[in-house]
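Thanks for making time this morning.

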Amino acid sequence: MNTEQFLVKSQLKKVDTASFTWQTPSNIALVKYWGKSNPQIPKNASISFTLNNCHTITTVDFVRKQHSKLDSESQKVVAFNLFFEGKQKDEFKPKIADFFDRIQAYCPYIIEYEMTINSENSFPHSSGIASSASGLSAIAMCLMSLEKELSAELSTEFIHKKASFLARLGSGSASRSIEGPLVVWGKHPEIEGSSDLFGVQFPHKVHAVFENYQDVILLVDKGEKQVSSTVGHKLMHEHPYAENRFKQANENLGKMSKILQEGNTKDFINLVESEALTLHAMMMTSNPYFILMKPNTLEIINKIWEYRAAENSAICFTLDAGANVHVLFPEREKKKVNKFIKKELSGYCDNNQYIYDSVGFGAKRILK
Ligand code: PMV
């Protein structure tokens, strides 16, 4: 695997201070990634819609360490402070410290700086929406902005590729949170340029029906998940159905590619819902087994099925590793479906909370 391309080879400039702010999105997988090998290599390819409204905004301030510090032991330690929504968050530090350790070989310059990371999410705190994808991709983009300032010309294409590569080392699905509207991560014979190391934009022309696709996220359970996705991925190692699942997911990605190009919403619904339920079936058949859906998750799914049949709608659902339900539908149905959600589904949500979102286009630099 060609990780060599991400090493810094040129002589770096000396920059004393720098500050960059990036807004990066969350994403929702249509064909799911569940199961990996070291270092964060997916067992199958996955594809996701990039979201528009659910995002993280992160500023990283870089201050070059004093020369005396650079010569001493502290040279080997990545120095950073972390603030989330204005408050120092030392409990988030171990995950980010691990991330910096994993990327150090590719970003050797981080050791020369003291970094202050300030992060905030657009979605409510502890809403059960995974913030690791948007959170890690935002830090990755800030690092790449610094790298661009330190080294000779870097193309935007390379910056996106390396940011996705770095983000992946923090959280697999974060590799799909740099670009949009559709990103594939994982080597797949039908997706040119695809790689296990980074996400790539879906390379084919997408049918108009999937443009500006809507995603309303129903917040069913905002509590802490009983089983983290790190543990869930690990349980796929001994899983009796793992090999078939990886094969099926890769086949499904091939089917999804065709569906997205041809615009067949019936096939889309079938595949997306099957992927969501298969992901949760893998959880339920792990050893130890676990269930992340809640009774209201199932109530909502049934209501969606009733509505679809009665209204001849193209509405469908998907799930990530939690109880929340993502309701997907074409833009042309927006008015009617939003009414249905408010009237029939919001009552199943924690505090009646849900988030309107739609497909988005990826990371944005914010100039301060
Ligand atoms: O990126 P991780 O390690 O949090 O795994 C996320 C996996 C799912 O969200 C369940 C599926 C996916 O492809 O995003």
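Before I speak of partners, let me say that two strands count as paired here if DSSP finds at least two bridges between them. Please also keep in mind that this is a predicted model.

With that in hand, look at strand β4, residues 46-64, which is mostly covered, with 14 of its 19 residues buried. Strand β1, residues 17-31, runs antiparallel to β4 and is joined to it by 13 bridges, and within that pairing Phe20 has Val60 of β4 as its bridge partner.

Let me now turn to another part of the model, an open sheet of four strands in the order β11-β12-β10-β13, with antiparallel pairing. Because β11 (316-318) and β13 (354-358) stand at the edges, each with a single partner strand, one side of each is left without a neighbour in the sheet. On average, and ignoring direction, neighbouring strands of this sheet are turned by 25° against each other. The pairing of β11 with β12, residues 325-329, is antiparallel and spans three bridges, and Phe317 has Val327 in β12 as its bridge partner. Finally, helix α8, residues 295-311, lies across β10 (214-218), β11 and β12, and runs at about 155° to β11.

Key
Residues are numbered from 1 along each chain as its sequence is written. This is a predicted model: local features need pLDDT of at least 70, side-chain atom pairs count only at pLDDT 80 or more; totals for chains, interfaces and linings use all residues. Side-chain values use heavy atoms; hydrogens and water are left out. Helices (H or I, at least four residues) and strands (E, at least two) are DSSP runs, numbered from the N terminus. Axes are lines fitted to C-alpha atoms, for helices over the stretch in contact, and angles run from 0 to 180 degrees between N-to-C directions. Contact means heavy atoms within 4.5 Å. Buried means under 20% relative accessible area, exposed over 50%, partly exposed in between (1.4 Å probe, protein chains only).
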